[in-house]
Amino acid sequence: MTDFTALPDLAVRTLGGSVAAASDESFAAKENLLNPWAPAFTPATFGPKGQVYDGWETARRRGPGHDWALVRLGLPGVVRGVVIDTAWFKGNYPPHASVDACFVDGPSADLSGARWLEIVPKTPLDGDTAHAFPVSAERLFTHVRLNIHPDGGVARLRVHGDVVPDPRLLTGLTVDLAALENGARVIACSDRFYSAPDNMLFPGLARDQSEGWETARRRDGGNDWAVIRLAAPGSIRLAELDTTNLKHNAPAEAALHGLDARTSSPDDPSAWRPLLPRTALVPDARHRFRLSTPEVTHVRLDIHPDGGLARLRLHGPLTPTAEQTLTTHWQTLTNIRTNKE
């Protein structure tokens with residue numbers, strides 16, 4: 001895979017993505033395209049529609065045209081790459097596929113006036129293969145359309161990119177500066193053996209321990225850590241460290257440090273300032289701490305010595321400059337999309 005696959009999957013179901021419509025789903029449901037887990041398959045497992053596939057599969061097309069699936073992204077953003085995965089589809093995969101994208105302001109289901117842009121041209125596919133396609137369009141998208149030519153099955157569609165939050169939902173409010181849906185990201189971590197650290201920043205509560213960040217058992221006397229680039233500069237007023245579902249693998253203690261990357265480098269150890277001192281944690285619990293921090297752009301979470309965290313929330317107001325920057329960025333990207341091609 002290429003580097004863009006390290007970016008959030010804007011379409012995955014756990015971030016709110018949805019398959020709004022499809023031309024056909026005779027053999028396997030369209031919703032499977034956005035399942036967060038790797039495609040599974042059990043041979044000789046038949047249901048009323050035939051062999052059961054963990055993917056989307058259409059009927060054999062006998063007339064002209066092609067099949068398609070319309071996906072509403074869970075988070076609007078700039079798409080950096082698309083993965084079309086035909087895992088387990090070996091004799092029934094589409095020979096070709098393409099992807100279009102568009103921007104629609106708000107949750108409207110009416111796409112009749114949308115201007116679609118082809119972001120992946122019609123390209124040959126192989127069976128049982130994850131195909132990675134970089135995308136270079138510097139535009140904001142809310143929907144994508146997967147076209148398969150003429151028919152067949154696709155296990156997963158991944159749409160990786162940079163989250164671009166709607167500033168109208170953030171300005172003037174106290175917000176979660178560490179939320180992925182607001183544009184925050186984990187940019188570095190010591191270990192991601194069991195699960196990715198970005199999981200801590202997902203919306204909602206973790207349903208099980210796989211939906212958080214968990215490291216391997218540490219044997220060297222050190223501690224694990226993750227660095228979060230906040231959605232925008234702000235002052236943290238409430239920190240929440242959630243160990244829900246981590247009953248025997250929660251960290252014993254945790255601490256938070258912050259810095260302002262506008263004036264200091266994250267690579268300078270002396271630039272980090274304590275926000276929350278090293279504090280004991282208990283398993284399977286939500287820990288909340290009132291804070292009063294200076295403006296920061298990055299936060300370092302240290303867990304001692306290792307373990308997992310289900311969610312990290314860092315609530316506080318944006319700076320006036322940050323609000324204006326978010327608004328300008330959104331307007332620039334949406335104006336590009338609404339102008340004529």
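Analyst: A pocket here is an open set of grid points with protein on both sides within 12 Å along at least five of seven lines. A volume is the space filled by probe spheres set on those points. The model is predicted. By that definition, the second largest pocket holds about 450 Å³.

User: Which element gives the largest share of the lining of the second largest pocket?

Analyst: Its lining has 22 residues, and Gly74, Pro76, Asp166, Leu169 and Trp330 lie nearest the centre. Two or more residues come from each of β5 and β9. The largest share is five residues, and the strand that supplies them is β5.

User: Where does the largest pocket lie, relative to domain 1 and domain 2?

Analyst: The space in the largest pocket is about 1,000 Å³. Its lining counts 39 residues, with Asp9, Pro36, Ala196, Asn199 and Phe202 closest to the centre. Both domain 1 (4-163) and domain 2 (167-326) give residues to that lining, so the pocket lies between them.

User: Which strand gives the most to the lining of the largest pocket?

Analyst: The lining residues are 23 nonpolar, six polar and 10 charged. At least two residues each come from β5 (67-85), β11 (156-163) and β13 (185-189). The top contributor, with five residues, is β13.

User: Now the backbone. Which residues does the cis peptide bond with omega of about -5° join?

Analyst: Most peptide bonds are trans. The bond joins His149 and Pro150.

User: What is omega for the peptide bond from His304 to Pro305?

Analyst: Pro305 is placed in the loop between β20 (296-304) and β21 (308-309). The bond from His304 to Pro305 is cis, with omega near -15°.

User: Is Ala44 buried or exposed?

Analyst: Ala44 has a positive phi, near 55°. Its loop runs between β1 (18-22) and β2 (46-47). Exposed means over 50% relative accessible area. Ala44 has 63% relative accessibility, so it counts as exposed.

User: What is the phi of Asp284?

Analyst: Asp284 is in the loop between β18 (273-280) and β19 (286-290). At 36% relative accessibility, Asp284 counts as partly exposed. Asp284 is not a glycine, yet its phi is positive, at about 50°.

Conventions. Residues numbered from 1 in each chain as written. Predicted model: local features only at pLDDT ≥ 70, side-chain atom pairs only at ≥ 80, totals over all residues. Heavy atoms only, no water. Helix = DSSP H or I, 4+ residues; strand = E, 2+ residues; numbered from the N terminus. Buried < 20%, exposed > 50% of the residue type's maximum accessible area, 1.4 Å probe, protein only. 1 Å grid on protein atoms, 1.4 Å probe; cavity = no way out; pocket = protein on both sides within 12 Å on 5 of 7 lines; lining within 4 Å. Nonpolar A, V, L, I, M, F, W, Y, C, P; charged D, E, K, R; others polar. Domains from an automatic or database assignment.
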